[in-house]
Amino acid sequence: MEMFQPDFMQRAFLAAVLVGITAPSVGIYLVQRRQALMGDGIGHVALTGVGLGFLFQANPVWMAVLVCVLGSIVMELVRARGNQRGDIALAMLFYGGMAGGKLLVSMSSQAGSGSLESYLWGSILTVSPGDLAVIGALALVVVAVTVGLRRQLFAVCQDEEFARVTGLPVRVINLLLAVMAAVTVTVAMRVVGLLLVSALMVVPVAAAQQLTRSFAATQAAAVGVGVTAALLGVGTSYQADLPSGPTIVILAILAFALFSAVAAPLARRRHRPAADHGPVVCDVALPDQGGGAPEAGAPRSGETLSSRGLAQ
């Protein structure tokens, strides 16, 4: 129990719970839209925000929020246009964000302090009370949007054309989802790092999908996996002196492997052919043939389908 006594460990566990709830709550919609790597791209852009925070001696989290929101809006507009050069534009945005962030950090007075590593790979044990307040406020906004607008978000992610026909503001909802993804990246970057944040948004959802069959159940199970992996990852990193971000992600991947192993026999049992339970009995009496001699192989009067073996 001494692990829970230091203040920095209490903040670490609380931040882990917040991220474990927030990341899968947004990730399930990205997986539904086949945009699982969107969080990874936003993480690249967030590095510029961190660099700006270092350069102007501001809170890197808030600067990352601002840059990520702008970057996510640009990404969504490029995706919506469907331009053939969209992939090239997004690649330039992603790698430009990483390069710009590194240059800005090198220009700041904090260059060489090693602080950038804590944002790239996560450093949950160094979360300050101010960082925890920011993470808590942003997590509350993300959960309120993803749960409160669950039906609308699901409809747009499932079929944009149908959602547009029903009168939903598809463009606004798409932009809102992109902004929530950007906020989630900044919430999770101190826990798992910008380079691994996409994993915590996707892997718990993929693990939950192995055992669940409805959207609501998948969302709840994904949050459970995310929180469990985050808490166990923090405890393991403290006891074994390991980096928190990679530990959390590895545990989430192990959960996916476990769920996949359990899901395989369950799926076979659920879809077991009816033949495994024996032939279906269908004792339906055939009508009289009118007294004439039956043709070769034809069923005789009074004979049933099951007795002829035709039900198989």
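Figure 1. Of the 312 residues in the chain, 41% are buried (under 20% relative accessible area, with exposed meaning over 50% and partly exposed in between, using a 1.4 Å probe and protein chains only). This is a predicted model, where local features need pLDDT of at least 70 and side-chain atom pairs count only at pLDDT 80 or more, while totals for chains, interfaces and linings use all residues. Residues are numbered from 1 along each chain as its sequence is written, and side-chain values use heavy atoms, with hydrogens and water left out. The secondary structure comes to 13 helices and zero strands (DSSP runs numbered from the N terminus: H or I of at least four residues for helices, E of at least two for strands). Take the contacts between residues at least 6 apart in sequence, and 73% of them join residues at least 24 apart (a contact is heavy atoms within 4.5 Å).

Figure 2. The average pLDDT for the chain is 82, and 82% of the residues score at least 70 (pLDDT is the predictor's confidence in each residue, from 0 to 100). Helix H11 gets the highest confidence at 93, and helix H13 (residues 305-308) the lowest, with a mean of 40. Residues 280-287 sit below 50, with 18 contacts in the model beyond near neighbours in sequence. Residues 301-312 are below 50 too, and that stretch has 25 such contacts.

Figure 3. H9 (residues 170-188) has 19 residues and reaches 27 Å from first C-alpha to last, close to the expected 27 Å (1.5 Å times one less than the number of residues). It's mostly covered, as 15 of the 19 residues in H9 are buried. The axes of H2 (residues 38-55) and H9 come within 9 Å and cross at roughly 60 degrees (axes are lines fitted to C-alpha atoms over the stretch in contact, with angles from 0 to 180 degrees between N-to-C directions). On the H2 side, Met38, Gly39, Ile42, Gly43 and Ala46 meet Ala178, Ala181, Ala182 and Val185 of H9. By class, that's seven nonpolar, two polar and no charged residues (Ala, Val, Leu, Ile, Met, Phe, Trp, Tyr, Cys and Pro count as nonpolar, Asp, Glu, Lys and Arg as charged, and the others, Gly among them, as polar).

**Figure 4. Gln219 and its surroundings.** Gln219 belongs to helix H11 (residues 215-240). Its relative accessible area is 7%, so Gln219 is buried. Setting aside neighbours within four places in sequence, Gln219 is in contact with Ser25, Ile28, Tyr29, Thr146 and Arg150.
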